[in-house]
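Q: I would like to go through this structure with you. Please keep the answers plain and give the cut-offs as the terms come up.

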Amino acid sequence: MTTPSKLALVPFVSVDNMMKLVNKIGPAPMIAEIADYIETDFKRWELFDKTPRVAAHSDEGVIELMPTSDGESYGFKYVNGHPANMARGFQTVTAFGVLARVDNGYPVLLSEMTILTALRTAATSALVAKYLAPKGAKVMAMIGNGAQCEFQALAFQTIVGIDTVRLYDIDPEATAKAARNLATTGLNVISCTSPEEAVAGAQIITTCTADKQCATILTDNMVGAGVHINAIGGDCPGKTELHRDILLRSDIFVEYPPQTRIEGEIQQLDEDHPVTELWRVMTGQAEGRRDAQQITLFDSVGFATEDFSALRYIRDQLATHDTFIELDMLADPDDPRDLFGMVARAAS
């Protein structure tokens, strides 16, 4: 048996090791630290290769690849979204990702990204709300209490400063689950029986539902002046959560317009409807929240740079946290031209 060389080994963060890392650092601090990485990368937006994710749609769901590069590192995420999975005993969303060197093409990290995507999605939401939510916002309505719910609540508590979350889901068991998980966070958790009840008194409204269809989770009369809407459930063609009239009353902020116009809430609007790119707000080139009456809408679909940021963060943590194993993943013959000989010698 041959011993793999150092060049053959790639750090791999499994689900078990990701959970260990989250619990070592703490979910809330880790979300805040990932948000810092995401903000850093948004502020150097023009360095990145950008393309809408490559999606393979089926009647059951979607499988997507999300690639990007800053010229030094290359990253991609594989992710699925299958709303019917839960009823069949599977996760709705699973993911893994790779970070590699551009100069030689060698991977430097392979990681699970089911948990990491939940962390980076929450981090992105709260980071954006730091720029767009009304000053002093303390109450968030969380409509859709599935796998993302608790991460969002912790992110907004840590980064934005909310102290109350009002929960609603069409499945009361999902709301009960979320309330249990958030019971020790210090948040005032209020379980509601309707979306109208949930949004009452909320300065921030987060929608995060899973059905792959055009839905109306928020109707126009549910959204008053001065609210910030964090719409994270719509993420593919034909899947929306907000009534079109809400969009027409809102200032809309997006990650990458060519992708959001296909997948986000703004697929309901004309192709030239004005939107503001978040990187421009974060670099001071565009306004975010202007006044207390403005309705701001983050039409979130998730973009590859956010996954790139999360993978960068995980790679950096491995220098101080032993939460990975090394995989013999890359063939490394003594003579780069003699791959066959390496295989043949392994038989002896």
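Q: In which helix is Phe308 found?
A: Phe308 is found in helix α10; helices here are DSSP runs of H or I with at least four residues, strands are runs of E with at least two, and both are numbered from the N terminus. The model is predicted, so local features need pLDDT of at least 70 and side-chain atom pairs count only at pLDDT 80 or more, while totals for chains, interfaces and linings use all residues. Residues are numbered from 1 along each chain as its sequence is written, and side-chain values use heavy atoms, with hydrogens and water left out.

Q: Is Phe308 buried or exposed?
A: Phe308 counts as buried because its relative accessibility is 1%. Buried means under 20% relative accessible area, exposed over 50%, and partly exposed in between, with a 1.4 Å probe and protein chains only.

Q: Which residues does Phe308 touch?
A: Leaving out residues up to four places away in sequence, Phe308 touches Asp41, Arg44, Phe48, Thr68, Ser69, Asp70, Ser73, Tyr74, Gly75 and Leu99. Contact means heavy atoms within 4.5 Å.

Q: And how far is Phe308 from Ile38?
A: Phe308 and Ile38 are 8.4 Å apart in space, C-alpha to C-alpha, and 270 residues apart in sequence.

Q: Which strands does α10 lie across?
A: Helix α10 lies across β1, β3, β4, β5 and β6, and runs at about 70° to β3. For such angles, axes are lines fitted to C-alpha atoms, for helices over the stretch in contact, and the values run from 0 to 180 degrees between N-to-C directions.

Q: What is the strand order of the open sheet of seven strands?
A: The order is β2-β3-β4-β5-β6-β1-β17, with mixed pairing. β2 (54–57) and β17 each have a single partner strand, so one side of each is left without a neighbour in the sheet. Two strands pair if DSSP finds at least two bridges between them.

Q: How many bridges join β1 to β6?
A: Two bridges join β1 to β6, and these strands run parallel. Val13 stands opposite Ser111 in β6.

Q: What about α3, which strands of this sheet does it lie across?
A: α3 lies across β3 (62–69), β4 (73–81), β5 (95–101) and β6, at about 90° to β6. Helix α3 (residues 114–132) also lies across β12 (228–231), β14 (251–254) and β16 (296–299), running at about 155° to β16.

Q: Then the other sheet: what is the order of its eight strands?
A: This open sheet has the order β9-β8-β7-β10-β12-β16-β14-β15, with parallel pairing. Its edge strands are β9 (188–191) and β15 (276–277), each of which pairs on one side only.

Q: How many bridges join β7 to β8?
A: Five bridges join β7 (residues 139–143) to β8 (residues 164–168), and the two strands run parallel. Val139 stands opposite Thr164 in β8. Helix α5 (residues 172–181) packs on the sheet, where it touches β8 and β9, and its direction makes about 155° with that of β8.

Q: Moving to α1, which of its residues are buried?
A: In helix α1 (residues 15–25), the buried residues are Asn17, Met18, Leu21, Val22 and Ile25. They lie on the same side of α1 because they cover an arc of only 140° around the axis, the arc being that of the directions from the helix axis to the C-beta atoms. On the other side of α1, Asn23 and Lys24 are exposed.

Q: What do the buried residues of α1 pack against?
A: They pack against β1 (9–13), α2 (27–42), β6 (107–112), α3, α10 (304–317) and β17 (325–328). Gly26, with a positive phi near 105°, follows α1.

Q: How many disulfides does the structure hold?
A: The structure holds zero disulfides, a disulfide being a pair of cysteine sulfur atoms within 2.5 Å.

Q: Why is Cys149 too far from Cys208 for a bond?
A: The closest cysteine sulfur to that of Cys149 is in Cys208, 8.0 Å away, which is too far for a bond. Cys149 counts as buried, at 0% relative accessibility.
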